[in-house]
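Q: Please take a close look at a single part of this structure, with the cut-offs stated as you go.

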Amino acid sequence: MTSSLVTVSFVLAAATVVAQSPAPALPQAGTPQATASSTPAAERLVVTAGRSTVLTTQADVTRIAVTNPEIADAVVVQPREILIDGKKAGTISLIVWSGNSRKTYDLVVEPAVTTLEQHLQALFPGEAIDVSVSDEVIILSGMVSSTSVMLKAAEIATASASKSRIINMLQVPGGTESQQVMLQVRFAEVNRRVLNEAGLALFVHREDFSARSTTQQFSTPDFDDQQGGGLVFSDFLNLFFFDRKQGIGGVLKALESAGGFQSLAEPNLIAYNGQEASFLAGGEFPIPIVQGTSNAVTVVFKEFGIRLNFTPTIAGDVIRLKVRPEVSTLDFNNGITLQGFRIPALTTRRADTDVELRDGQSFAIAGLLDNVSQNDRAAIPILSKLPVIGHLFKSKSERAERTELMVLITPRLVRPLNPDEVPPLPVDMRPFIPKGGGVGSQLQGAGGVSDAPPVESAPRQKKQPPKPGGGPGND
C-alpha cells in the first residue's frame, strides 16, 4: 500500500513539472523565421566575352550552378578548380557548393574588345578611347588630347560601320557644355554696268525708187507699199527724222546707260549639335506645266528668296559646319511666256561646303569677282572708209559689267535667355489700332478675362436737386 502511494505521488509530481514548463511559441503567420546565419555579400567575378578564367576554391567542389548558360558556362576541371567561359555580355549568378558551405558569385561578362576599338588603339596610342556597341549604336567615350583626334576617331567609326549610328561622347580639354549653335550668314553683292550704243540708219522713199543704209546691228524701217506711207517702223530708236514731202529720213541710236545693284542679306539660324536646321525668307511663284497626253495645265510652285541649311557638329572648342546658303531673286528680263503665262527666271547665288571654325570666328566661304566686257562694231564696207562721212555708215555697242559677291559665315555657341534677359521686339512707336472709335472702343474686357462672366456694376444714383429752403433732397 505504501509503495503504491509513492508511485502515484511521483507521477503527479512529474505531471506538475511538465505542466509548469512553458510551451514552445508557434510562429505567427506573416512573420519571417530567423535564419541560422545572415547571407554574405556575393563576390564579383569579371570575365571578357570569348575568354576563360579559372576559379580556385578552398575545399573540394561538390556541385555548381549558373543561372543562364547562354551568357557564361562553368565546368569543374579539378576538385578545387572551376573553369568559367564567357560567351556574351551580361551578368549572371554562379553558385558553388563545397564541403558543408555554399558560396554565391556575381559573374559579369564584359563585351569583347571590338575590331574598331583595336584599330583606334593602334592608330591613336595613348588615347583613352572606349567603344561600346549596343544593337545598331556605337558609342565612343573617354578623354582624348585634341580635337583632331576626336573628329578623326568619329570619322573612322562612321566609315567602319556605315549602317550604325555613331554617338561621339569623346571629351577634350577645354571643351564647352553648350550644345546649340547660331550661324550668322552675310551675303554681300555689288553689281555695276555701263552701256554705250551708237548707230545711224538713213533711208529714202520716193515714188520711183527707195533706198536705205544699215549695218543690221539695230532695227531699221522696212518698205511696204501696202502700208500708209510705204514704211513700217519696228523701232524709232532714240532720234527719228522723216520728211514726208521729200521722202527722206533717218533714225539714230545714241544711248549711254549706267546702273548699279547692291544687295545685303543676313539670315541667322540656331541648330542643335548634330541636327540640321533650315530657314527660308522669300516666297513661291507659280510655274505652269503642260501634261503630255491630255494637254492639261498644272501649276507647280517654286521657292525663291533667302535660304539657309546647315548642320553643326561641336567638337570641343571647334565647330564643324556643313552649310548651304542660297539667295535667289526673280528675273523677268530672262523669263519666257508660255500660253499667256509670264514665267520669270531665277538669279541664284548658292554655296555648299564644309568648314571648321571656333566660336566667334568668321570665314568667307564663297567669293566672286566677275568682269564682263563686250564690244560689238558693225560697218558698211567701202562707205565706212570714206573720210568724214564714213562714220555715218558705222555702228557700235559697248557693254561692261562688274559683279562682286562675298558670302561670310560666323558660328556662335549660344544658350537660352532668362526671362529678364529677353530684348524688346522691334515695333513701331505708333499703335496698330488707334484708340477710340471703331469696333475697338466697343469691346469689353481685356486680355485674359475675355471668357470670364460679365461683372455687374451697381446702378449709379442720380443726385436730387435741393428743395426750396436750402435743405437737401431726401429719397
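Which strands does helix α3 lie across, and at about what angle does helix α3 run to β10?

A: This is a predicted model, in which local features need pLDDT of at least 70 and side-chain atom pairs count only at pLDDT 80 or more, while totals for chains, interfaces and linings use all residues. Residues are numbered from 1 along each chain as its sequence is written, and side-chain values use heavy atoms, with hydrogens and water left out.

Helix α3, residues 147-160, lies across β8, β9 and β10 and runs at about 160° to β10. Helices (H or I, at least four residues) and strands (E, at least two) are DSSP runs numbered from the N terminus; contact means heavy atoms within 4.5 Å; axes are lines fitted to C-alpha atoms, for helices over the stretch in contact, with angles from 0 to 180 degrees between N-to-C directions.

The three strands form an open sheet in the order β8-β9-β10, with mixed pairing, where two strands pair if DSSP finds at least two bridges between them. Because β8 (128-134) and β10 (165-171) stand at the edges, each with a single partner strand, one side of each is left without a neighbour in the sheet. From one strand to the next, the twist averages 15°.

Within this sheet, β8 pairs with β9 (residues 137-143) in the antiparallel sense over seven bridges, and Asp 130 has Ser 141 in β9 as its bridge partner. Helix α2, residues 115-123, also lies across β8 and β9, and runs at about 165° to β8.
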